[in-house]
Amino acid sequence: MAKVGQSSFRRILLARLLLLSIPVLVTGEIVAYRKARSGLLETAYSNLTASAVRKGEGVRDALTSLRTNLATATTASALQSQPSAKTQGFLEQLQQASAIEVQCVQLTDAQTQQVVASTCGQSAIAQTSSNSWAKQQRGVLINPAAVQVALAQPLKLATQNEGQLRLTVSAPVYVPQTSKSQVSPLRYVLSLQSALHQPEVNASKTTSGYTVVIDEDGTILAHPNSNRVGQTIYQTGTSDRLQTLFRDAIVGRQSSLYLSAFDENGTDWLAGSSSVEVPMESNVTRTWVVLAVTPLPTVLSSLDGIQQVLSILMVGFLTAILLATLYLARDLARPIEQLSDYALQIRERYSSDRAPKDFKVRELNHLAEALDSMVERLEERAEELETAWQEAQVANQLKSEFLATTSHELRTPLNAIIGCVRLVRDGCCDDRDEELEFLQQADDAALHLLKIINDLLDIAKIEAGKVELNLQPVPIQDLCRQCLKMVEPGSEMKRLTLVLELDDRVDQVLIDERRVRQMVINLLSNAVKFTPEGGQVKLRVWLAYGHELEQDNRPDHSPINSTTPYLCLEVQDSGIGIPQDRWHLLFRPFQQIDSSLTRKHEGTGLGLSLTKRLAELHGGTLSFDSILSKGSTFRIWLPLLEPMPLSGSVEAIENLDISRSSTNQSTEIQSIRVS
């Protein structure tokens, strides 16, 4: 069960991918938006500066055209004659034929300042003085430079485009004379009023912008907002920035600038500037600053589309990431979930197949194989632990039985000793011979008790690693004869035949005499004990090499060199044999082949274990071979540590028939063997 605060791999994968991708996408969108905005602003600045230059050139060209056309018109005969309908028609024709919008054309008497003819009413559009030009002129052709330019009087013409740049252009009309030598007097003044720039249709949506014209003294001559016309730049809300732009233009620097709250609505505008020289009168020139302005929202209007595209891209990327996450989850999360289910089955000890494999991700396949291998090893260890536990249970039971048996084995001779000694002490014997007999029985029991205790001590010393060998040259033939004499009393009681076979090459061997005698006596005692009445026990001594040991059963894998000579002490009996299913218990200490049945033979089960360990201390081993109901053969293999002198005798086999009949009745021998 998942704990609080935990989540599935799928959710974590999706959350991590979104957590990493969303900031990147948002950052990318912000950077792209700002880059597009700065690009639009740079383009607008450049376009507005170029537009301001074009607008200034347009004002200058238009004014030049008006002055030229007006100077030419003053030579018309319709103006030089007396005022009539023909004069009025000429003025109307002049207004309509002009390429530049002309709002009014008037002919004024130079002396009386009365309007003689007009296309827009009798209100004078220009205030001129006869002193402005020479009163007499020899020719009738007017130099365009003599044409005077003045700003149109405010509110002279009420039109819907009051924010235009309106100018009044005036030129003198002279009366021609028949003689060239005569001076032509000034008779009329021809004036026209025109808007030099036309408001752009939807200028807010173009890169040309609106036109703003500022005189060199700071007076606003034209403005998109007619209320600003006639004001100075020092009265506007953006005076600081506008003054900077104005000063740059006056000195001839073309530039662009961001104007904050340029109109009454507080809207931000962008402006590009240029300057133009305008001749007003003879030898009088004015500098005008021409601005091309446009609202900032207009310039950035395309950002809405860009932002929309970026938003669509962001949503598309997030959708793609989500789909990619789901696709990855199929290849990553599903295998991990399968492995997790497999691990849960193992934890719950459910029966399951092997871990799922064949994933697309190589590392997950490796993980599945590692899980399989781990589970197999755990199962093997579990089986080994279960087997070891069962063996420990059996060993514990056998040890308990061994303790009980050992206690019995110790108590039996001890009771005999105590009983015999008390009989002698209490004077229960009839004569001296009977006392000696009881004392002899006590002595035999004490020796038997000592042997049991010595075996226990030897096992403990060997396990503690405190046993040291005393290697000396020993006549092996004498040692074997002595061992046979030690078991002779027991064999006489069962009428057994003891046989000794000696290799004629065997003489003295470098061994620990006491330990080898102990091993041989243990094997002979077991052979006598488990051989039925009338059987045979054979002790054979011979030389062999390690390869002859390959067919024998060894209790462990002791290193045996096939080229090393070994002394083999073999004890063969014709006894009850050992069941093959009990061979693995044969050399274990504190265990017997079968302790669950009532045994006739006494023993602690330490003899074979002690013999095997003593043989290993010599660098050899102990092997055996047994057939049930036919007998067993045990061999002690001791390596020859140094060359052994050969015996001079040629005796091949020496047989000792020391069998004797015994009056003791033999009892039935059970198929049980002490290991």
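**Entry 1: C120 and the disulfide**

I began with C120, which is partly exposed, its relative accessible area being 24%. The model I am reading is a predicted one. I then asked which residue is joined to C120 by a disulfide. The partner is C104, with an S to S distance of 1.5 Å. I looked up the burial of C104 and found a relative accessibility of 0%, so C104 counts as buried. The link of C104 and C120 is left-handed, at -60 degrees about the S-S bond. I located C104 in strand β1 (residues 102-109) and C120 in the loop between β2 (115-118) and β3 (136-137); the pair therefore ties together parts that are 16 residues apart in sequence. I recorded one disulfide in the structure.

C420 counts as buried, at 7% relative accessibility.

I repeated the check for C480. Its closest cysteine sulfur is that of C483, 6.3 Å away, which is again too far for a bond. C480 has 0% relative accessibility and therefore counts as buried.

**Entry 2: Salt bridges**

I noted 15 salt bridges in the structure and looked up several individually.

I examined E501 and K538, whose closest N and O atoms are 3.1 Å apart in a salt bridge. This pair links distant parts of the chain: E501 belongs to strand β13 (residues 497-502) and K538 to strand β15 (residues 536-545), 37 residues apart. I found both E501 and K538 to be buried.

I turned next to E570 and R635, which form a salt bridge with the closest N and O atoms 2.6 Å apart. This pair also links distant parts of the chain, with E570 in strand β16 (residues 565-573) and R635 in strand β18 (residues 631-639), 65 residues apart. E570 and R635 are both buried.

I also looked up R505 and D503, whose side chains meet in a salt bridge at 2.9 Å, N to O. Is each of these two residues buried or partly exposed? R505 is partly exposed, with a relative accessible area of 39%, whereas D503, at 13% relative accessibility, counts as buried.

**Entry 3: A five-strand sheet**

I traced an open sheet of five strands, in the order β8-β7-β11-β10-β9, with antiparallel pairing. I asked why β8 and β9 each have a side without a neighbour in the sheet. β8 (220-222) and β9 (256-259) stand at the edges and each has a single partner strand, so one side of each is left without a neighbour. I recorded an average twist of 40 degrees from one strand to the next.

Within this sheet I followed the pairing of β7 (residues 210-215) with β11 (residues 284-295), which is antiparallel and runs over six bridges.

**Entry 4: Helix α12**

How many of the 11 residues of helix α12 are buried? I found nine, and the helix (residues 607-617) is thus mostly covered. The buried residues are G607, L608, S609, L610, T611, K612, R613, L614 and A615. I then looked up what covers these residues: the cover includes α9 (432-464), α11 (513-530), β17 (621-627) and β18.

**Entry 5: The protein as a whole**

The protein has 12 helices and 18 strands. Of its 675 residues, 41% are buried. I put the accessible surface at about 36,600 Å², with 52% belonging to carbon and sulfur atoms. Lastly, I looked up contacts between residues at least 6 apart in sequence and found that 70% of them join residues at least 24 apart.

Key:
Residues numbered from 1 in each chain as written. Predicted model: local features only at pLDDT ≥ 70, side-chain atom pairs only at ≥ 80, totals over all residues. Heavy atoms only, no water. Salt bridge = Lys/Arg side-chain N within 4 Å of Asp/Glu carboxyl O. Helix = DSSP H or I, 4+ residues; strand = E, 2+ residues; numbered from the N terminus. Buried < 20%, exposed > 50% of the residue type's maximum accessible area, 1.4 Å probe, protein only. Contact = heavy atoms within 4.5 Å. Areas by Shrake-Rupley, 256 points an atom, 1.4 Å probe, with all protein chains shown as cover. Pairing = 2+ DSSP bridges. Axes fitted to C-alpha atoms, helices over the stretch in contact; angles between N-to-C directions. Disulfide = S-S within 2.5 Å.
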